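Here's a quick briefing on one protein chain. Have the viewer open and follow along.

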Amino acid sequence: MTVISLQHVTKDYGHGRGIFDVSFNVEQGTVYGFLGPNGAGKTTAIRHIMGFSKPEKGIVTVNGLDCWTNAKTIQENLGYLPGEVALPENLTGKQFIQMMMDLRKVKDDTHCKKLMEFFDLDASGKVKRMSLGMKRKLAIVTAFMHDPDVLVLDEPTSGLDPIMQQRFIDFVKLEKKRGKTILLSSHIFTEIDATCDEISIIKDGYLISSFNKQELLKMTEKVFNLTVQNAMHYMQLVQMIESNGFNLLFKNEQTNELQIGCYPNDLSKLIKILADFPISSFNEVPFSLEKHFMEFYDRRVGGEIQWQ
Ligand SMILES: Nc1ncnc2c1ncn2[C@@H]1O[C@H](COP(=O)(O)OP(=O)(O)OP(=O)(O)O)[C@@H](O)[C@H]1O
């Protein structure tokens, strides 16, 4: 079942800025990764989902409700973590939490306490004296204190230290297990890689690629490093690899090391060839979403930085 849906959404801020004809669906119980460089249009799309912005063209819905005409309901029910949070500086963390509980009409603070413990939030001091990371944690706790079914996260780990970034990734995974539907915008490949089922890449306001991670893994070339025990067998194997059309990515005649690229359909053929050779080490280079999609990010042409 589709929970979040954008269909042909356009918001044109002029000079090529905004989002253009953006369409995607987030299905119930999945984590959808929305990946794109700075200024790509992630926040603009998210602001439409939250009902803060009216689309010029197209339609945005959550659970079938139009986000603009039902903005109040959407904003009350979704768990929204904005990229930049503005908190009342003169309150203590505890006062702010209580204020948000009253506003959200949350009577039971069990979930809130669990979140505070999970994210190691010390809410006793004044907000204005809190570190950036502590403010971020306060925003996280208040965004999810009502245990929402749909979470919209705009670059959620910015401002968190590496341990807290990992904890946030764990939180997303746990929420997914609990059946939550999550949209996660980021320009950090590793957090998208670790959590998302479906991924879209946005650049200059256009969705330029959408894919299912498992499907992508099945189609992607696997890369193996191996070392052959002696020079004679090394030379023979290099020949076999090349004559059978495998991708020889790297070779070192001094150390008898090879790196071979092989598509999943050809794996059995490769294994049969390797079985006849004395191999002293063998490992697969883990798939990296980052490497795969760097080309979408890179504004350089032909590897060189262009001024125009
Ligand atoms: N209210 C606005 N008026 C004019 N231009 C805007 C407005 N909001 C966003 N933009 C422009 O639209 C483009 C997309 O911005 P947006 O904030 O959606 O990008 P983003 O992908 O979230 O970027 P980042 O990763 O840096 O947060 C940018 O060029 C931005 O300057």
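This is a predicted model: local features need pLDDT of at least 70, side-chain atom pairs count only at pLDDT 80 or more; totals for chains, interfaces and linings use all residues.

**Helix α6**
- Helix α6 covers residues 162-177, so 16 residues in total, and spans 23 Å from first C-alpha to last, close to the 22 Å expected at 1.5 Å a residue.
- Its buried residues are Phe168, Ile169, Phe171, Val172 and Glu175.
- Looking down the axis of α6, you'd find those buried residues within an arc of 155 degrees, which means they line one face of the helix.
- In general, an α-helix has 3.6 residues a turn, so residues three or four places apart point the same way.
- Turned away from the buried side of α6 is a face with the exposed residues Pro162, Ile163, Leu174 and Lys177.
- What do the buried residues of α6 pack against? Their partners are β3 (31-35), α4 (110-118), β7 (150-154), β8 (181-186) and α7 (189-195).
- After α6 comes Gly179, which has a positive phi, near 90 degrees.

- Strand β8 is largely enclosed by the rest of the structure, because 6 of its 6 residues are buried.
- Side chains in a regular strand alternate between the two faces of the sheet.
- In β8, Thr181, Leu183 and Ser185 point one way, while Ile182, Leu184 and Ser186 point the other way, and all are buried.
- β3 pairs with β8 in the parallel sense, over 5 bridges, and Tyr32 stands opposite Leu183 of β8.
- β7 also runs parallel to β8, with 5 bridges joining them; here Leu151 has Ile182 of β8 as its bridge partner.
- Going from β7 through α6 to β8, the chain makes a β-α-β crossover that is right-handed.

**Ser200**
- You'll find Ser200 in strand β9, residues 198-203.
- Is Ser200 buried or exposed? Ser200 has 24 other C-beta atoms within 10 Å, so it counts as buried, the cut-off being 20 or more.
- Setting aside neighbours within four places in sequence, Ser200 is in contact with Phe24, Phe34, Leu35, Leu207, Ser209 and Ser210.
- Asn212 is 12 residues from Ser200 along the chain, and their C-alpha atoms are separated by 8.9 Å.

Note on methods: Residues are numbered from 1 along each chain as its sequence is written. Helices (H or I, at least four residues) and strands (E, at least two) are DSSP runs, numbered from the N terminus. A residue is buried if 20 or more other C-beta atoms lie within 10 Å of its own, exposed if 12 or fewer, and partly exposed in between; C-beta atoms are placed from the backbone. Two residues are in contact if their C-beta atoms, placed from the backbone, lie within 7 Å. The expected span of a helix is 1.5 Å times one less than its number of residues. The arc is that of the directions from the helix axis to the C-beta atoms. Two strands pair if DSSP finds at least two bridges between them. A crossover is right-handed if, with the strands pointing away from the viewer, the path from the first strand over the helix to the second runs clockwise.
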